[in-house]
Amino acid sequence: MNEPPKSDQNELVFDDAFSTDIYDGVPDVIYAFDRNWQFRRWNDRLLELTGYSNAEIAEMNPIEFIPEDEREHVSELVMDVLERGKSRSVDTTLLAKDGEPLPFEFNGSPVRAESGAIVGVAGSGRDISERKRRERELSQYETLFETVGDGVYIIDEDLRFVTVNEAFASMTGYDRETLEGSPISLVSSEAGLAKAQRLADELRTSDREVANLDASVISASGEAVPTETRFSLLPDGDAGGIVGVTRDVTERRRRERKLRRQRDELETLNRINVVIRELTRSLVSTASREGIETTVVSQLADSDLYQFAWIAERDRTGTGLSVRSEAGEDNGVRSLVGEVVGEEDRPANVALRTGETQIANDARLRPIPPESETTLAESSVESGIAVPLSYGEATYGVLVVYATRPNAFSEREQAGFEALGDIVAFAINAVESRRLLFAESVVELEFAVTDRSALFVRLSDEYDCRCTLEDVLPAEEETMLCFVRVVGESPDVVLDAVEAADQVDGARLVSRDGDECVLEVRVTGPSPVVTLADHGASVTHAVTEGGEGRIVAELAPDADLRAVVEVVESAFPGTKMVGKRDAERPAGSAAEFRTALDDRLTDRQLTATRAAYRAGYFDWPRASTAEEVADALDISAATFHQHLRKSQEKLLDVFFGESD
């Protein structure tokens with residue numbers, strides 16, 4: 001034990017009160033100082049830790065070993081010992097001679113003389129660097145334990161929760177006080193518990209260090225929360241305890257299911273596209289409406305994607321549907337998606353009435369007649385779609401398809417069927433128009449029109465002029481190109497009035513002569529002429545004068561005349577059919593020539609040639625340029641020239657008879 005140089009003052013007191021022989025081998029610092037804060041004793045450990053010599057320590061105040069910002073607090077504790085005789089301890093810092101701080105715990109007790117008077121302080125100091133390090137690590141672990149997003153817990157060898165973090169408690173819906181001490185069966189299913197026990201036994205009896213458990217946590221509300229858990233044994237000193245980390249995988253499973261659905265849907269869509277492509281190729285060579293409809297339902301039903309398909313139109317009562325073609329195994333459940341008379345809420349009826357696709361993706365949830373429940377229960381049908389077959393303003397019926405897949409008709413699959421519906425309707429319109437073109441006899445319908453929503457009826461009334469339709473041609477994107485001769489009003493005034501109409505997308509003067517002109521009009525909105533053309537009729541005469549019009553249209557003898565009349569009269573309330581008559585087409589040379597020419601020209605070539613003729617492209621001087629005609633048809637000038645050149649070549653071939 002080290003001590004300052006001998007002096008008589010208080011020496012006997014310390015000799016009697018403080019023994020020094022037993023302290024040199026102690027690993028802690030041993031010290032004593034008097035009421036004047038002068039060191040009286042210290043052991044070699046203080047020299048080793050601080051780097052000071054005995055002579056230096058003898059001259060130092062004990063408080064000099066403490067950092068300045070901690071001295072006030074330490075001094076107060078020392079005064080408690082000296083003035084009140086209380087023992088005190090403090091965690092502080094011991095400063096070495098080189099300034100290195102060492103975490104230290106000091107304990108101090110009063111040194112008393114024989115009289116009982118306190119003459120100094122004696123105590124020990126212990127390096128607590130390792131303890132502080134462990135405390136920091138423990139604090140870090142505790143912070144990680146509480147802030148990690150996954151559930152963390154420790155269980156004992158009896159599979160009871162020792163401790164859990166807040167994330168795990170939140171996942172289960174129980175508070176931590178309830179969980180801690182409870183068996184893990186509180187939040188486990190029987191199957192999950194058995195699997196966890198088996199994995200824990202494997203950890204204890206094998207070299208395996210980590211186990212993975214895929215099971216659900218049963219929450220306080222009874223909900224099964226899908227989770228993944230990784231757990232391992234605690235060190236041997238922890239009596240077989242286990243630490244586990246549990247992650248809620250609900251969102252991940254949802255994403256995985258979504259990806260699987262998307263993958264399955266993409267595969268299905270690819271197969272659907274194959275069916276539609278094959279269907280489209282078949283339609284090109286089909287020459288009748290019946291053939292088109294049979295081809296569609298047969299190929300759909302023959303694919304392994306669909307159970308049954310049928311096409312229907314409005315029946316003669318106007319309240320139900322009449323099936324035109326069907327294929328596949330119905331099993332008596334057609335009423336599921338629509339063919340019940342008077343059941344206007346059925347998808348097929350709604351699709352035909354509104355012109356919008358209808359989906360029954362969970363068919364068994366739809367209201368059905370009680371007598372159909374048994375049939376439906378025995379059926380494998382899970383989904384249905386009803387697609388209107390519409391072209392322009394004409395609706396030819398509805399295509400209905402059943403599938404055995406639940407929720408089969410997604411948005412993308414629906415879009416594919418709507419495209420198919422457009423193709424089928426276009427094909428039907430084409431064959432109906434072609435049948436009319438080559439028919440030897442036709443039915444003529446004559447309409448009287450006073451409805452002012454019809455543009456040229458209103459125009460003839462407001463400007464006291466006569467409007468005569470010279471030709472009507474299909475243009476791009478549901479637009480009809482009309483050539484109209486107007487007599488009795490200034491061409492500029494008429495052009496301004498036509499351009500201002502809502503149903504017109506553009507107009508221009510083709511020719512003018514005083515108060516007479518020919519207009520080229522792009523019609524996109526309601527028009528009796530357009531409605532008739534959309535329904536396969538050929539308008540041969542259309543004149544309006546003084547607010548009244550007369551329209552004559554030809555249809556094939558087997559066309560649905562009643563449906564055409566109903567559509568026109570309902571769309572234009574001031575319109576009435578005033579005549580119906582059968583007519584034979586003349587079989588003269590001009591007709592034969594047109595038949596031969598029409599048989600060779602494509603629809604686009606014929607449209608381009610007729611538009612050029614009506615627009616005065618062949619006049620001299622020309623009334624319209626190629627660019628103007630092309631703009632009206634919404635095609636490029638190069639495309640227009642290509643169509644025109646091809647049609648002229650074919651016209652000359654037919655006229656001169658130089659080729660077949």
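**Secondary structure, packing and aromatic pairs**

D464 follows helix 14 and has a positive phi, near 50°. The model is a predicted one: local features need pLDDT of at least 70, side-chain atom pairs count only at pLDDT 80 or more, and totals for chains, interfaces and linings use all residues. Residues are numbered from 1 along each chain as its sequence is written, and side-chain values use heavy atoms, with hydrogens and water left out.

Helices (H or I, at least four residues) and strands (E, at least two) are DSSP runs, numbered from the N terminus. The protein chain holds 21 helices and 23 strands. Of its 660 residues, 44% are buried. Here buried means under 20% relative accessible area, exposed means over 50%, and partly exposed lies in between (1.4 Å probe, protein chains only). The chain exposes about 34300 Å², and carbon and sulfur atoms supply 48% of that area. Accessible areas come from the Shrake-Rupley method with a 1.4 Å probe; for residues, only the protein chains shown count as cover. A contact requires heavy atoms within 4.5 Å. Among contacts between residues at least 6 apart in sequence, 55% join residues at least 24 apart.

Helix 14 spans residues 455-462, and its buried residues are L455, F456, V457, L459 and S460. V498 and L532 touch the most other members of the largest nonpolar core, which has 42 residues. Another core lies apart from it, with 30 residues, among them L305, L389, L399 and A427. A nonpolar core is a set of buried Ala, Val, Leu, Ile, Met, Phe, Trp, Tyr and Cys residues joined through side-chain atoms within 4.5 Å.

Strand 16 covers residues 441-449. Eight of these nine residues are buried, so the strand is largely enclosed by the rest of the structure. Strand 16 runs antiparallel to strand 23 (residues 575-584), and nine bridges join the two. In that pairing, S441 has E584 as its bridge partner. Strand 22 (residues 548-555) is also antiparallel to strand 16, with seven bridges between them. There V449 stands opposite G549. Two strands pair if DSSP finds at least two bridges between them. In a regular strand the side chains alternate between the two faces of the sheet.

Helix 11 (residues 347-354) has six buried residues out of eight, so it too is largely enclosed by the rest of the structure. P347, A348, N349, V350, A351 and L352 are its buried residues. They pack against strand 11 (308-314), strand 12 (321-328), strand 13 (358-360), strand 14 (383-391) and strand 15 (394-403). G355 follows helix 11 with a positive phi, near 75°.

Two individual sites were examined next. A211 lies in strand 8 (residues 211-218). It is buried, at 0% relative accessibility. Not counting residues up to four places away in sequence, A211 touches L199, L203, T229, R230 and F231. A211 and F231 are 20 residues apart along the chain, yet their C-alpha atoms are separated by 5.5 Å. T295 belongs to helix 10 (residues 289-302). T295 is buried as well, with a relative accessible area of 17%. A polar atom of its side chain lies 2.7 Å from the backbone oxygen of G291. Polar contacts are pairs of N or O atoms within 3.5 Å; within protein, one atom must be able to donate a hydrogen and the other to accept it, and residues adjacent in sequence count only if both atoms are side-chain atoms.

A search of the whole structure finds 18 aromatic pairs. One of them, Y153 with F168, is tilted, at 5.1 Å centre to centre and 50° between the planes. Y153 lies in strand 6 (residues 151-155) and F168 in helix 6 (residues 166-172), so the pair ties together parts that are 15 residues apart in sequence. Y153 is buried at 10% relative accessible area, and F168 is buried at 2%. The rings of Y617 and F618 have centres 5.3 Å apart and planes at 80°, so this pair is edge-to-face. Y617 is buried at 7% relative accessibility, whereas F618 is partly exposed at 41%. Rings of Phe, Tyr and Trp (its six-membered ring) pair if their centres lie within 6.5 Å; planes under 30 degrees apart count as stacked, over 60 as edge-to-face and the rest as tilted. One aromatic cluster is formed by Y31, F33, W37, F39, W42, Y52, F65, F104 and F106.
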